[in-house]
Amino acid sequence: MSRGALALLVALALFAALVLWPGLMTPLLRLVAEPGQALLYDRQPIRVLVAWHLALVGAAGVVASVVGMTLGVLVTRPRGAEFMTLARMASNLGQTFPPIAVLAVAVPLLGFGFEPTFLALCAYGLLPVFENTVAGLRGVPAPVREAARGMGLACSARLWRVELPLAAPVILTGLRLSTVVNIGTATIGSTVGAVGLGEVIIAGLQSGNTAFVLQGALLVALMAICADLALRGLERRMSRAG
Amino acid sequence: MIRVTGLTKRFDGATAVNSLDFEVERGEVLALVGTSGCGKSTTLRMLNRLIEPDEGRIEIDGRDAREVSPDALRRGIGYVIQGVGLFPHWTVAQNIGTVPRLLRWDRGRVRARVEELLDLFGLEASEYADKYPSELSGGQQQRVGVARAMAAEPAMLLMDEPFGALDPVTRGRLQDEFTAIRQRRGITAILVTHDMDEAFRLADRIAVMDAGRILQIDTPERLLRGPREGFVRQFVGLDDRALRILSLHRVSELSRPAADAPAPAQWVAPGDTLREAASRLIWEAGDSLAVVENGRVTAEIHAADIWRIGARGEA
């Protein structure tokens, strides 16, 4: 087994253990807690929070990837080249506009909970996928593209069978960055009532309970590390095939 | 047969290719030579419609190239480029099988063709078929590139500086291989190169281009003996034309009978060029050389005969 796979296995095992048996963290949490305070968040089971957190990041990730990759493919086609600036501006806006501001704008329109957070994460996750799709497709060597055209591969075959497979490792890097960033960013959704691990941190901040903050932060960090390792492994496998 | 008439291309008002006419017979190799920007690559890329001509007509085996879709046209024309452009994520076998698969050949036929071509280019199928391009040397990659272009038995090959990126030794070897494969298979090809030696070595006829026009189109020997005034004369290079003419002829053309004997220290083979024979004669300061086949003298060649071939007025 490679070192990457081993690290992923260890991180996943640790994460699963802390989700299923939150009590394992008590010795650590006791170090930061004030006497008499509760150590473990118990208003919702941790596994429910984790499931919602994953659902939120996953759904936003799917939308950001589909939109980002589609845009990236479109603007690298000869006919879509003129939309490059526009698409780049739109995806940059999604990244520079702080997610918390998106929430503030979205709540009056969409209400509290899952929806505004989902929207903010979609916008925030778009840029890395879009930029890496463009970079990956542009990175396909010119002679390869010329040969594909000169041999009579149709437009769609050139995209699906040559350009996208060669760009895949770079696109996947974008997807990984987007996912990892969004796992952290999703915590702010709890300020507008989205169910997720942010709830533990926010509850800790509101009641001055450092143990809660630490518990929530540790779980989010571990989740991000797991996602990072898993997607890195996939990238390595893809570039090896290439 | 390929017939081109009045082929013209303008880019932003500047004429890159100016009303070209030429024909290439089946089994013939035509070289387009000239300096960078003379329009030779543009001409080549118009033949498979990677660039659409502004004017003119291209006929391939009597059929107007505009009658078929560009993709269908390209599948019937082999294309070899300087950067090779092998698909790095496909194995050698998959690369060579690209066009046959596009033409929906059945799997067994594609595999048989791939093995046949690997064999033709001296690459052991069991060793190379499943390798990726990055595992091959530059010369091997270029061989696979040519094999890929020939895979679907195209009516012609278009070759744009096919051996340009290789070191001189590998380039020479591939040029020899290409000539040998031509003799066995009969290849119709249009070759773009800026290397006059490559054109002399590979082509049956050479078209010298400048500023979008063909200045002269002739066999290598006629080009050397009678280059037109101006650019052609300068580009063909007349300093060593006698030697270049000699390199177009083989020893077997001038062999005279000789008594059977074991091979002496200095000799030539019937397939060697007269240039090689001349070089050896000069080195030995002799006036004849033994022609040796399978270790026995079969004929001899005289210096005077060679000098006569290299002199003006012959042809």
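1. Strands 6 and 7 of chain B. In this predicted model, strand 6 and strand 7 of chain B pair in the parallel sense, with five bridges between them. Ile77(B) stands opposite Met156(B) of strand 7. On its other pairing, strand 7 is joined to strand 8 (residues 189-193) of chain B by four bridges. That pair also runs parallel. Here Met159(B) faces Leu191(B) of strand 8 as its opposite number. Strands of a sheet pair through backbone hydrogen bonds, either parallel or antiparallel.

2. Cover on strand 7. Strand 7 of chain B spans residues 156-160, and five of its five residues are buried. Cover comes on both faces. Met156(B), Leu158(B) and Asp160(B) are on one side. Leu157(B) and Met159(B) are on the other. Note that Asp160(B) is buried along with the rest.

3. The largest nonpolar core. This core holds 141 residues. The members that touch the most other members include Leu157(B) and Leu158(B), as well as Ile190(B) and Leu191(B). Leu121(A), Ala31(B) and Ala277(B) belong to that group too. Helix 6 of chain A (residues 114-138) gives the core its largest share, 12 residues. From chain B, domain 1 and domain 2 each supply at least three residues. In soluble globular proteins, nonpolar side chains tend to be buried together.

4. Contacts of Leu191(B). Setting aside residues up to four places away in sequence, Leu191(B) touches Val29(B), Ala31(B), Met159(B), Leu202(B) and Ala203(B).

5. Where chain B meets chain A. The contact involves 17 residues of chain B and 15 residues of chain A. On the chain B side, helix 2 (70-75), strand 6 (77-81) and helix 4 (98-102) each give two or more residues. Helix 2 gives the most, with four. By class, this side has nine nonpolar, five polar and three charged residues.

6. Domains of chain B. The assignment gives domain 1 as 2-241 and domain 2 as 245-310. Their C-alpha centres lie 34 Å apart. An unreviewed UniProt entry lists residues 2-236 of chain B as "domain: ABC transporter". That span is 39% helix and 26% strand, and its end C-alpha atoms are 25 Å apart.

7. A four-strand sheet. Chain B also has an open sheet in the order 11-14-13-12, with mixed pairing. Strand 11 (256-257) and strand 12 (267-268) stand at the edges. Each has a single partner strand, so one side of each lacks a neighbour in the sheet. Strand 13 and strand 14 (residues 296-302) run antiparallel and are joined by six bridges. Within that pair, Ala290(B) stands opposite Glu300(B).

8. Ser288(B). This residue is in strand 13, which covers residues 288-293 of chain B. Is Ser288(B) exposed or partly exposed? It counts as partly exposed because 16 C-beta neighbours lie inside 10 Å. Beyond four places in sequence, Ser288(B) is in contact with Glu300(B), Ile301(B), His302(B) and Ala303(B). Glu124(B) is 164 residues away along the chain, and the two C-alpha atoms are separated by 42 Å.

9. Positive phi values. Most residues other than glycine have a negative phi. Asn294(B) has a phi near 50°. Asn294(B) sits in the loop between strand 13 and strand 14. With 7 C-beta neighbours inside 10 Å, Asn294(B) counts as exposed. Arg49(B) has a phi near 60°. Arg49(B) lies in the loop between helix 1 (40-47) and strand 4 (55-60). Its 19 C-beta neighbours inside 10 Å make Arg49(B) partly exposed.

10. Helix 9 of chain A. This helix covers residues 198-207. Its buried residues are Gly198(A), Glu199(A), Val200(A), Ile201(A) and Gly204(A). Gly208(A) follows the helix, with a positive phi near 65°.

Note on methods. Residues numbered from 1 in each chain as written. Chains lettered and ligands numbered in written order. Predicted model: local features only at pLDDT ≥ 70, side-chain atom pairs only at ≥ 80, totals over all residues. Core = buried A, V, L, I, M, F, W, Y, C linked by C-beta atoms within 7 Å. Buried ≥ 20, exposed ≤ 12 C-beta atoms within 10 Å, placed from the backbone. Domains from an automatic or database assignment. Contact = placed C-beta atoms within 7 Å. UniProt positions renumbered as here; feature names shortened; annotations may be inferred. Nonpolar A, V, L, I, M, F, W, Y, C, P; charged D, E, K, R; others polar. Pairing = 2+ DSSP bridges.
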